[in-house]
Each structure stands twice: as structure tokens, then as C-alpha cells.
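User: I am new to this structure. Please walk me through some of its local features.

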Amino acid sequence: MSDITLILLGAGSSSRFKCGVKKQWLYSGEVPLWLAVAERFEAMGAFADIIIVSSEEDISLMKHFADYTYVQGGDSRQASLKNALAAVTSPYVLVSDIARCCVPEALIRRILKAKGEAGCIVPVLPVTDTLYLGERPLNREEVRIIQTPQLSVTKTLKTALETDKLFTDDSSAVASLGEKVHFVEGSNEAHKLTTLEDLSKLSCLQAPSARTLTGFGLDIHPFETGKTMYLCGVQIDVDYGFKAHSDGDVAIHALIDALLGAAGMGDIGELYPDTDECYAGADSSELLKDTVRKLTSHGFEIGNVDLTILAQAPRLLPYKTQMRTRLASLLGIRSCRVNIKATTAEKLGFVGRKEGVTVHAVANLNYVNWKTL
């Protein structure tokens with residue numbers, strides 16, 4: 001049994017990445033970046049446990065990919081690390097950043113080989129450029145570039161972080177206790193993904209797969225008098241609407257389910273439950289916008305959508321063009337990629353009796369091609 005736990009930190013918001021996609025959700029082939037990194041370490045078979053630190057929203061999706069230990073991050077790297085350390089029982093802990101996604105195995109081996117040499121084992125690179133501190137030149141032979149992963153004695157690292165002082169990495173925290181820090185040779189391959197420009201420096205990443213992902217959605221709502229009717233985000237000029245916890249836009253509800261289905265993100269009831277009062281009377285257009293945000297931030301882009309509305313009443317032909325335009329705007333795609341079909345139920349069933357409406361929706365997603373960003 002290994003005496004080392006691996007912690008992979010990835011709870012950041014990717015604010016410096018300036019892309020709309022969280023960098024941990026860029027796809028390499030058909031694998032998101034965070035998983036590619038975890039599997040890269042796991043292939044070495046050297047860890048008692050692998051802990052992934054991320055946001056609550058991300059963890060709910062990550063759990064469908066792999067059976068790791070997941071811990072919700074804090075509002076800083078240090079807070080996230082402390083949360084993860086609470087789940088560590090092994091004598092040693094190896095901490096790395098998911099954004100440092102191409103760490104070569106040889107570097108990891110050098111770090112593990114030095115286990116026991118000090119309170120913290122750190123990979124470093126020499127500085128090759130001239131350095132100044134203000135107007136004073138520095139001796140670059142005395143300066144090092146610090147990288148991750150870093151291997152620490154678990155008890156020592158936990159003690160070092162029992163303070164309000166913020167540290168930029170594990171080694172500086174351990175050094176603050178007067179503990180020895182041992183340096184090993186780093187690697188230029190272990191470049192950290194911070195900005196879009198860094199993508200060109202990460203040779204281990206493959207282009208995202210060209211696979212199309214398809215999802216299907218279905219929703220039904222009965223009519224209710226005295227409510228305003230919305231379909232596809234468009235107000236319909238009738239004196240009744242839909243019985244529902246939200247505004248009851250049955251078309252958007254079916255579409256959200258189709259989009260979530262394609263992405264493997266569950267269903268509308270999980271994300272926007274009708275047991276939550278904050279969604280009482282909710283504008284379904286806003287729910288769709290939030291769904292699109294989730295899709296984009298998790299590495300997907302919408303290809304096209306197709307909806308079939310079964311309604312004996314009201315008559316929808318006059319609204320179809322407006323519906324298409326409205327949905328295209330909400331989805332952020334061209335209107336030619338949105339298709340709206342409306343049909344009756346030939347007077348059969350509850351739809352035929354003019355008691356409600358059923359909508360079927362299909363959506364296609366692709367992985368965001370970060371090669372073209």
C-alpha cells in the first residue's frame with residue numbers, strides 16, 4: 001500500500017484564461033483536462049488515494065467520469081489545499097495543480113525518489129535571464145523557478161498551514177517552520193496553463209475529438225387559465241398558460257433536458273428543482289441562458305437543436321419564426337441551426353382534447369475546439 005496521497009487542485013475560476021471555458025474542462029481527445037492529468041498520475045500506480053479539488057458545480061459532473069475522492073475547494077489555493085488535507089491520512093502528500101497538465105513521468109519519479117530527504121521536495125528550474133529587483137540586479141545563480149508537484153510530509157504541511165498567513169506554494173509554508181526544503185531538477189515540459197497563449201506550449205494535449213454528442217428531451221404541461229403563456233421564450237396571445245412551478249415554458253424545458261442529456265449533466269429537475277422556491281415563477285429563458293453558460297464553461301458548444309411541439313391549441317404557425325429567432329439568441333447560435341416544428345395530435349389524447357402541450361427536443365453538442373481560440 002502506498003504511503004502517498006495525491007492532491008490535484010482545480011477549484012479556480014480560470015479568470016486569467018479569458019475564454020468562457022474553464023481550462024480544467026478543455027478536452028484532449030474525449031477526455032477533459034482535469035481527468036487527463038489525474039489519469040497521467042494514476043498510471044504510475046504510486047498513490048494510496050487521489051483527491052480532486054474543485055467547485056461544487058464541477059464535482060457534480062466529475063463524479064460521472066471517475067471514482068476519485070472529490071473535495072470542494074475554498075476561496076484561495078491555500079484554503080482548497082487545507083480542505084483536501086483534512087481527507088489525507090497517509091504520511092506523505094503530493095500536491096499538484098491541474099493547470100500544470102503535462103508533468104513528465106521522469107519528473108514525478110525524481111520527486112518520489114527524494115522522499116524522506118526533507119519536509120518538502122520541490123522541482124526547480126534555473127533562471128536564464130538577467131533579473132532586477134527594482135533597480136538592483138540580482139545574482140541569477142541564487143534564484144530558482146519553483147514548480148509543482150511538491151511532495152510534503154503530511155503532518156508538517158498541515159501544521160504549516162495552521163495560520164492566517166498566505167503562502168504561494170507548499171514549500172514556502174513548510175520552510176516557514178524552519179523545515180528543510182529539498183530541490184530536484186524540474187522540467188520545461190511542466191509548464192502551467194494560465195493564459196490562452198500557454199496552450200501552444202503543452203505538447204501532451206491532443207486536439208479535442210470531433211465527435212457529436214446528441215441528447216433528447218421531452219416535457220409536458222397542462223393548461224391553466226389566468227396565466228401568461230410562453231413557448232420558446234415567446235409570449236403567445238391566449239388567455240391561458242401552463243400549470244407549472246416556473247413560467248411553464250414547456251418547449252424550453254424540453255430543450256434544456258436535451259442539452260443536458262447531450263452533455264451528460266443530468267436533467268432540468270436536478271439543476272433547477274421545482275422544490276426550490278427560488279425557481280417559483282422563474283423565467284425559463286433565464287434558466288436556458290444559465291444552462292448554456294454551464295455547457296460553455298464545461299467545454300461544449302451547441303451545434304443545432306430541433307423541437308417538435310404537439311399542440312391542438314393554440315395555433316402556433318404565426319409564431320414559429322419568432323420562436324426560432326428567440327431560441328437562437330438564447331443559445332448563441334445562428335437561427336438556421338434552430339428548427340421548430342409544430343403539429344396537432346389529430347384530436348387524440350389530452351393534447352387532442354386541448355388540455356395541454358407536449359414538446360420533444362433534440363440537441364447536438366460538440367467539444368469546444370481550443371485549437372482555434
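This is a predicted model: local features need pLDDT of at least 70, side-chain atom pairs count only at pLDDT 80 or more; totals for chains, interfaces and linings use all residues.

User: How are helices α7 and α10 oriented to each other: parallel, perpendicular or oblique?
Analyst: Helix α7 spans residues 250-263 and helix α10 spans residues 320-331. Their axes are 13 Å apart and the packing angle is about 40 degrees. Roughly parallel means under 35 degrees, and roughly perpendicular means 65 to 115. The two helices, α7 and α10, are therefore oblique.

User: Is K22 buried or exposed?
Analyst: K22 sits in the loop between β1 (4-9) and β2 (27-28). Its relative accessible area is 14%. Buried means under 20%, so K22 is buried.

User: Which residues does K22 touch, leaving out residues up to four places away in sequence?
Analyst: K22 belongs to the loop between β1 and β2. With residues up to four places away in sequence not counted, K22 touches S14, S55, E57, D58, S297 and H298.

User: Is F65 buried, partly exposed or exposed?
Analyst: F65 is in the loop between α2 (56-62) and β5 (69-72). The relative accessibility of F65 is 32%. Buried means under 20% and exposed means over 50%. F65 falls in between, so F65 counts as partly exposed.

User: What separation do the C-alpha atoms of F65 and V31 have?
Analyst: F65 touches W25, Y27, P32, W34 and L35, not counting residues up to four places away in sequence. Along the chain, F65 and V31 are 34 residues apart. Their C-alpha atoms are separated by 9.1 Å.

User: Which residues form one aromatic cluster with F65?
Analyst: The contacts of F65 include W25 and W34. Alongside F65, the aromatic cluster is formed by W25, W34, Y68 and Y70.

User: Which residues does a cis peptide bond join, and what is omega for each pair?
Analyst: P149 is found in the loop between β10 (144-146) and β11 (150-153). P314 lies in the loop between β17 (300-310) and α10. A cis peptide bond joins T148 and P149, with omega about 10 degrees. Another joins A313 and P314, with omega about 0 degrees.

User: What is phi of K347, and is K347 buried or exposed?
Analyst: K347 lies in the loop between β18 (338-343) and α11 (349-352). Phi is near 65 degrees, a positive value in a residue other than glycine. Exposed means over 50%. At 66% relative accessibility, K347 is exposed.

User: Where is K354, and is K354 buried or exposed?
Analyst: The loop between α11 and β19 (356-367) holds K354. Phi of K354 is near 60 degrees, also positive in a residue other than glycine. Relative accessibility is 51% for K354. The cut-off for exposed is over 50%, so K354 counts as exposed.

Notes. Residues are numbered from 1 along each chain as its sequence is written. Side-chain values use heavy atoms; hydrogens and water are left out. Axes are lines fitted to C-alpha atoms, for helices over the stretch in contact, and angles run from 0 to 180 degrees between N-to-C directions. Helices (H or I, at least four residues) and strands (E, at least two) are DSSP runs, numbered from the N terminus. Angles under 35 degrees count as roughly parallel, over 145 as roughly antiparallel, 65 to 115 as roughly perpendicular and the rest as oblique. Buried means under 20% relative accessible area, exposed over 50%, partly exposed in between (1.4 Å probe, protein chains only). Contact means heavy atoms within 4.5 Å. Rings of Phe, Tyr and Trp (its six-membered ring) pair if their centres lie within 6.5 Å; planes under 30 degrees apart count as stacked, over 60 as edge-to-face and the rest as tilted.
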